[in-house]
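Subject: Structure for you to look through

Dear colleague,

I am handing over the structure we spoke about, and below it you will find my notes. Please read them with the coordinates open beside you.

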Amino acid sequence: MTLSKDVYQSFEDIVGSNNISDDPALLDSYRYHLAHTAIHLGPYYRVYTPRGAAVLLPGSVEEVQAIVRLCNKHKLRVKPSSTFWSAWGYPLEDNTIQLDMRRMDRILEIDEKNMYAVVEPHVIGAILQAEAMKVGLNTHIHGPGSSCSCLASATALAGFGPDSMYMGQHSENLLGAEWVMPDGEILRVGAAGSGLDWYTCDGPGPSLKGLVRGGQGTFGGLGVFTKCALKLYPWPGPANFPVEGKPPAYKVKLPDNIRGYTLAFSTWKGWADCCYMIWEAGIGYVAHRQYSMFGRDLKGAMVKILSDHTKTLSDIEEMLKDPEIQEFTKEMHRDFQIVVAGMTPRDIEWQDKVLDKILEATGGWKVKGMLESDLYNWSLLYMLRLGHKNLNLVYAGGYDGCFGIGGTPDFGTSAPNEGEPERVEQATEFKKEWEKKGNIVAAGGDGMMGGIGGFGGGGHAMWENFTHFDPHDKESTEGTLEFFGATSEFGKQKGWGPGMEKMNDYARWTDGRTTPKEIREKLLSGGGVAFRYQRKFKEAFDPNSLGDGYYRTLD
Amino acid sequence: MALEDYKADMERCSQCSYCKWIPLDQVKSWRFAKGCPSIAYSNFLSYSARGRFAVALSLLNKQSTYTDRVVDVIYKCTTCGSCDVSDKICRYNLEPLEMIQELKIRAVEDGQVLPQHTAVIEHLKKENNMMMAPAAERGDWAKGLDVKNITEKSTEVVFHAGCRFSYDKDLQEKTRTAVTLLKNAGVDIGIMGKEESCCGGRAYDMGYKDDFVKAAEKTTTAWKAAGVKTVVTSCADCFHAFSRLYPPLGENFEVLHTVQYLDRLIKEGKIKFSKTVPMRITYHDPCHLGRRGEPYVPWDGKEKKIMNQIVVYEPTKPRYNGAWGVYDPPRDILKSIPGVELVEMERIKEYAWCCGSGGGSREAYPDFSNWTATERIEEAKATGAEALVSACGWCERNFLDAISTAGEKMQVLDITDLVKQAI
Amino acid sequence: MAVKEELAKIVSSGNIYDTPETLEAFSRDLSFVKPIKPRFVVKPVSTEEVQSLVNWANQTQTPLVPVSSGPPRFRGDTIPSVPGAVVVDLSGMKKILRIDVRNKVAMIEPGVTYTELQPELAKEGLRLITPLVPRASKSVVASLLEREPTTAPRFQWASLDPLRCTEIIWGDGQKLVTGDAAMFSSFEEAWKRKQAPASPTGPGQADFYRFVSGAQGSMGIVTWASVKCDVLPSAHKLLFVPAEKLDDLLGFTYQVLRYRFADELLILNKFELASILGGGTDNIRALMQELPPYVVLVGIVGRTMLPEERVEYQEKDIRDIAQRFGLQLVPAVPGTSGIGVLKTLLSTSKEPYWRLAYKGGYQDIFFLTTLDKTPDFLRTMNSVAEANGYPTSDIGVYVQPLHQGSSCHCEFLLPYDNENPKEAAKMKQLYTAASKELLKQGAFYSRPYGIWANMAFNRDAQTTNTLRKLKGIFDPNNVMNPGKLCF
């Protein structure tokens with residue numbers, strides 16, 4: 001539906017003529033191809049999200065409020081997004097006003113003493129980190145990487161990442177939020193609502209942070225967040241990364257109090273034990289099973305390629321024949337990456353000593369190949385800046401994660417019944433069989449990437465099995481979809497709980513639009529009480545239903 | 001290749017946004033994190049590489065047609081290649097810059113042209129230059145210069161002045177300086193004077209492929225006739241045209257930018273410095289010398305898949321990702337000049353911010369072009385430098401104009417200026 | 001049917017109390033909140049009983065006032081605000097449901113106190129970080145729900161840490177498990193899968209447990225909670241950084257927080273420190289003569305891995321930090337030693353509760369702010385005290401960094417003889433005046449008890465509106481402790 005001239009004019013009066021468009025081709029650049037990343041519902045070949053009614057670029061909370069009020073008046077849906085990297089940020093229905101939050105990109109404050117920052121929606125992780133580093137601080141960067149909006153991660157999405165063990169996940173880090181609610185009122189959560197600084201999200205009374213987000217945020221389906229305050233963390237390194245090297249193989253040499261390792265273990269139990277022990281000891285700054293996303297069989301070759309600017313994917317086959325790389329790859333079967341950062345020389349020495357003791361106790365070791373200087377420096381920069389997360393899609397442009405076995409480290413690394421392989425190995429074998437069909441990259445079954453920690457202080461591990469395919473290739477895309485269907489069935493049979501491969505199909509269906517009610521209700525029935533309460537939140541705060549089905553509700 | 005040949009890329013675009021920023025590893029501040037001037041200025045997603053992939057696909061799929069907005073999206077791009085570098089941090093099978101160029105070429109073929117561009121191209125056809133100036137005056141910069149003309153005497157090394165350096169009165173002296181430096185260092189060099197014609201590179205970047213080819217033919221015919229083997233130029237646009245756009249046409253000359261030649265001569269001891277130039281300067285990497293100035297590697301192959309679905313090429317495709325651009329020679333020159341203190345901006349080398357003049361932007365979108373240049377001036381000022389030094393006439397002109405508009409005081413110099421001062 | 005008979009169908013009749021003494025005990029506490037007698041006090045023993053009570057309350061429009069901790073109580077939140085209420089005394093729900101050593105979480109019912117929990121955790125090599133010397137009858141769940149500050153800020157990644165999962169009976173009678181425990185089909189199955197109730201977020205897109213935090217029982221009743229534990233230290237040292245003024249300690253404290261060193265980290269003035277060391281009024285007075293005016297208490301712990309080395313290196317590094325700020329890190333101060341204070345910090349309060357020890361009664365004013373602002377608030381508190389004829393030397397000062405340093409609990413302890421009507425009247429005046437002045441200065445009454453409720457909510461209309469809507473959702477019949485907060 002095209003907006004009427006009058007309605008268009010009303011919006012233009014708010015944001016100015018340069019900041020609104022309903023040009024069809026421009027609107028098509030605000031559609032998401034559903035054969036892509038982290039949509040966890042497809043992939044669907046050549047299916048796109050609906051075309052918006054118009055795109056607006058608001059520049060202030062006042063403009064956002066005016067827009068939302070106008071949407072209420074005309075019963076138009078509204079869908080904000082900051083960086084537009086994921087189907088969550090796109091409309092479910094026609095007749096939706098899309099808000100591109102790009103112009104609201106300021107870091108409003110970094111309170112160095114009390115270690116928090118106040119940011120607008122389009123501040124991405126890399127930028128906040130760079131500015132924080134200047135004053136000896138750092139920000140949590142969530143899993144999809146530093147190209148993503150800090151505010152979106154904290155208010156709208158999930159917010160876990162490789163550094164969560166030390167720097168929390170964004171649900172914990174959110175100290176305040178400014179929220180244009182769907183009814184057009186502005187809520188400032190926490191102390192900021194009382195006209196004070198942004199140091200706490202709690203109070204007065206019950207904490208309204210609980211309404212902003214839970215395990216996940218609102219996915220842009222309930223109002224528009226225009227500011228938030230995020231806790232920052234100490235950074236005992238230089239004021240900026242002294243990056244060397246040629247693209248893409250950037251590397252950094254950091255002072256000796258910041259060290260990065262790939263740890264490997266001879267058993268999965270040892271792997272899990274190590275997680276518990278590093279949490280208990282309180283060591284480590286970043287910890288993640290990162291490079292496994294390339295696949296168990298390919299990760300050795302891939303890290304070599306990525307850290308060498310003369311190499312490309314064409315070198316993979318040759319490299320896989322190299323006995324040294326084969327050995328290196330095999331060594332990293334059960335691995336994860338860790339960065340330890342000491343605030344003082346004594347601190348780093350103690351941490352590294354403890355790490356060695358833990359490795360001794362758990363049958364683990366520091367992978368020698370990753371200590372070689374180029375790889376070491378490449379990996380250190382990678383893990384700290386997390387600026388290469390588009391590598392999720394390196395092979396052919398399509399990736400999604402399945403299984404998503406999550407919970408305690410013991411859950412994924414243990415066998416459900418005696419005599420069986422561990423869950424991660426079962427998931428590996430299952431995927432390997434499907435790799436044989438040719439539709440997904442033959443990566444060795446185990447493409448399981450995930451955080452060591454999950455949230456501050458540790459407690460969870462995550463096993464998102466990366467699956468790579470070609471979104472331009474119908475067979476590949478549809479074959480991947482079939483695989484994900486089979487994965488869901490496999491998980492159900494095994495009683496492992498829902499996998500993440502289809503976790504958004506309650507919101508968006510195979511045609512790219514809102515999931516039909518009866519299907520949605522079936523899919524959400526497991527969360528009955530919670531989603532019924534969310535229905536009531538929606539009725540209370542979104543009386544004209546401006547938000548979309550990504551906000552889970554049950555009647 | 002045609003625009004349709006990039007449909008795979010359009011569908012394989014990850015929609016990750018990296019194309020808008022400099023490589024994320026290199027981000028040092030909020031102020032200077034952006035890489036793509038087009039989206040930084042215009043804000044809508046369509047103005048990024050990711051956006052242009054989507055717009056192109058929409059047009060190809062006939063979901064939309066050319067509108068003023070679409071034309072604006074297509075042409076408001078300096079073809080600086082920043083998106084290409086950033087995309088290729090993570091992707092080995094995506095060519096956003098090539099696609100953008102094909103999109104422009106298609107728009108021109110479809111008659112979707114800008115009057116400002118049309119005027120320039122019409123002039124190019126008639127007068128062999130992009131400066132709306134008479135062909136007859138092209139050689140005026142060399143009046144009184146003791147240098148042979150290759151149309152009269154065969155010479156292996158030709159100095160190609162380029163349109164901007166030939167006609168721009170503020171820059172002509174730098175052209176003379178370059179030739180003089182090379183000649184005095186013993187290089188047997190010639191020029192074409194008023195017989196020189198445009199390299200065609202800017203026409204290509206505007207989408208006028210046929211006019212580029214014609215200009216290239218004209219130029220290379222003259223060179224061949226003169227026995228030229230090596231081409232030297234101070235203009236980054238020309239450097240890029242000769243080294244990257246000409247070889248696919250079957251033309252293979254040794255191509256050097258002046259800075260490469262000077263660097264060589266300095267290292268060989270054929271240029272010696274006897275004076276001090278006490279100056280704090282910063283260096284701007286021209287896009288067409290830097291990330292777009294990588295050596296051409298011939299390739300004629302096709303896509304294939306390995307490990308089921310990994311997209312690679314047979315034979316292995318050369319990867320243009322900015323790693324091999326000309327970054328060190330200019331810096332080596334500057335560091336070797338006594339007294340010069342080189343302070344780097346935050347965005348340099350393959351992730352340098354564009355000057356704003358390329359891709360037809362200066363001609364058709366002066367506000368955008370000026371804004372882009374002003375951003376760079378701000379970045380230069382942030383280093384505390386007295387002068388912004390570069391190695392391209394188009395960059396230097398755009399900076400001069402921006403400084404003048406803003407009433408700034410920063411000097412704009414060519415590398416050859418400093419070399420001359422130090423000799 | 002008589003109410004008592006109805007209640008007897010829900011809880012056992014032995015768990016229904018309506019003697020005058022009992023009703024009197026629950027009608028008042030040591031706050032200035034107006035006493036109102038409940039009609040009954042009931043003591044459920046299970047989630048099912050609690051849920052049935054709430055359903056009954058909805059059917060009969062009977063206000064319920066949940067209470068978990070034993071007396072004495074201080075905040076006014078457990079006193080009915082309306083007549084005819086039934087107090088739901090959860091202190092009988094005392095099960096420690098599970099201690100998961102591997103994942104370091106314990107699941108407990110609301111009646112479990114710190115006194116009861118710590119020894120059981122210790123048997124398993126664990127401990128829970130506590131508030132500042134809690135009273136013996138203090139319910140762990142209540143303390144955490146009410147966001148009482150704990151003494152080791154480095155363990156607070158989430159502002160509600162160490163509280164993790166909960167089971168809530170909402171005011172409308174529905175039961176909801178929060179956190180990752182919501183995903184468990186059953187506990188048995190979860191334990192078999194080696195899962196643990198460790199993550200507090202969700203379920204879904206709301207952090208439901210936050211709605212019962214700071215809620216003074218006005219949204220629902222928590223029937224069990226999981227708490228994140230620490231390893232029981234195998235080495236533990238308590239050190240002091242003394243100073244003349246609070247201002248002098250801020251730089252040091254910020255730096256220790258920045259490095260995430262130290263476990264216990266808090267600032268007390270001499271009165272507060274003397275009070276927690278206790279020993280009666282005379283002993284407190286004697287200690288006051290010796291103790292430094294202000295002191296940072298720095299606890300350093302060694303756990304399983306290289307414990308002595310951890311204590312040793314952190315002590316050295318923290319000493320270096322102290323020196324940078326012209327301060328000293330010492331094992332003892334005149335009047336006490338690290339060993340003595342540590343023993344106190346790791347215990348619950350002896351009787352009488354330490355805050356009551358000096359004069360028999362007290363009021364306290366506390367709020368959230370940032371550490372750097374605390375000296376200014378102290379100056380205001382002192383100034384109002386002087387204006388009201390209250391000796392500033394009697395004011396206890398407790399500054400507790402929270403959430404790894406991003407915020408700070410600032411607390412002023414005002415002891416007085418609550419049996420003396422004149423003193424009580426003066427204290428009420430001082431309490432009110434100081435609360436107002438501190439509010440004006442920027443104190444954030446995140447836990448708005450009594451008179452603070454209006455002060456806090458009047459300053460934030462949209463939060464008030466939003467909370468009222470939530471109240472309308474979770475407790476449509478307003479049976480849960482009506483009259484509290486902004487409801």
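In what sense do strand β6 (residues 116–119) of chain A and strand β10 (residues 224–231) of chain A pair, and over how many bridges? The two strands pair in the antiparallel sense, over 4 bridges, and within that pairing A:V118 has A:A229 of β10(A) as its bridge partner. Please keep in mind throughout that this is a predicted model.

The sheet in chain A

The pairing of β6(A) with β10(A) belongs to an open sheet of 5 strands in chain A, whose order is β5-β6-β10-β8-β9 and whose pairing is antiparallel. At its edges stand β5 (107–111) and β9 (186–189) of chain A, each of which pairs on one side only. From one strand to the next the twist averages 10 degrees. Helix α3(A) lies across β8 (174–180), β9 and β10 of chain A, and it runs at about 50 degrees to β8(A).

Domains 1 and 2 of chain A

The domain assignment divides chain A into domain 1 (5–101), domain 2 (107–234), domain 3 (244–387), domain 4 (392–494) and domain 5 (516–555).

The contact between chains C and A

Between chains, 69 residues of chain C are in contact with 74 residues of chain A. Several helices of chain C, namely α7 (208–211), α8 (247–259), α11 (307–324), α15 (452–458) and α16 (461–474), each supply at least two residues of the side that touches chain A. The largest share of that side, 6 residues, comes from α16(C). By class, the side of chain C that touches chain A has 30 nonpolar, 21 polar and 18 charged residues.

Backbone details to check

Two peptide bonds in chain A deserve a look. The bond from A:G42 to A:P43 is cis, with omega near 5 degrees, and A:P43 is found in the loop between α2 (24–28) and β2 (54–56) of chain A. The bond from A:G203 to A:P204 is also cis, with omega near 0 degrees; A:P204 is found in the loop between β9 and α8 (209–212) of chain A.

In chain C, C:R260 has a positive phi of about 55 degrees although it is not a glycine, and it lies in the loop between α8 and β13 (265–269) of chain C. Because C:R260 has 17 C-beta neighbours inside 10 Å, it counts as partly exposed. C:Q404, likewise not a glycine, has a positive phi of about 60 degrees and sits in the loop between β18 (396–402) and β19 (407–416) of chain C. C:Q404 is buried, because 26 other C-beta atoms lie within 10 Å.

A residue in chain B

Finally, B:T220 has its place in helix α11 (residues 209–226) of chain B. B:T220 counts as buried because it has 20 C-beta neighbours inside 10 Å, and a residue is buried if 20 or more other C-beta atoms lie within that distance. Leaving aside its neighbours within four places in sequence, B:T220 is in contact with B:Y246 and B:E251. B:T220 and B:E251 are 31 residues apart in sequence, yet 7.4 Å apart in space, C-alpha to C-alpha.

With best wishes

Methods: Residues numbered from 1 in each chain as written. Chains lettered and ligands numbered in written order. Predicted model: local features only at pLDDT ≥ 70, side-chain atom pairs only at ≥ 80, totals over all residues. Contact = placed C-beta atoms within 7 Å. Nonpolar A, V, L, I, M, F, W, Y, C, P; charged D, E, K, R; others polar. Domains from an automatic or database assignment. Pairing = 2+ DSSP bridges. Axes fitted to C-alpha atoms, helices over the stretch in contact; angles between N-to-C directions. Buried ≥ 20, exposed ≤ 12 C-beta atoms within 10 Å, placed from the backbone.
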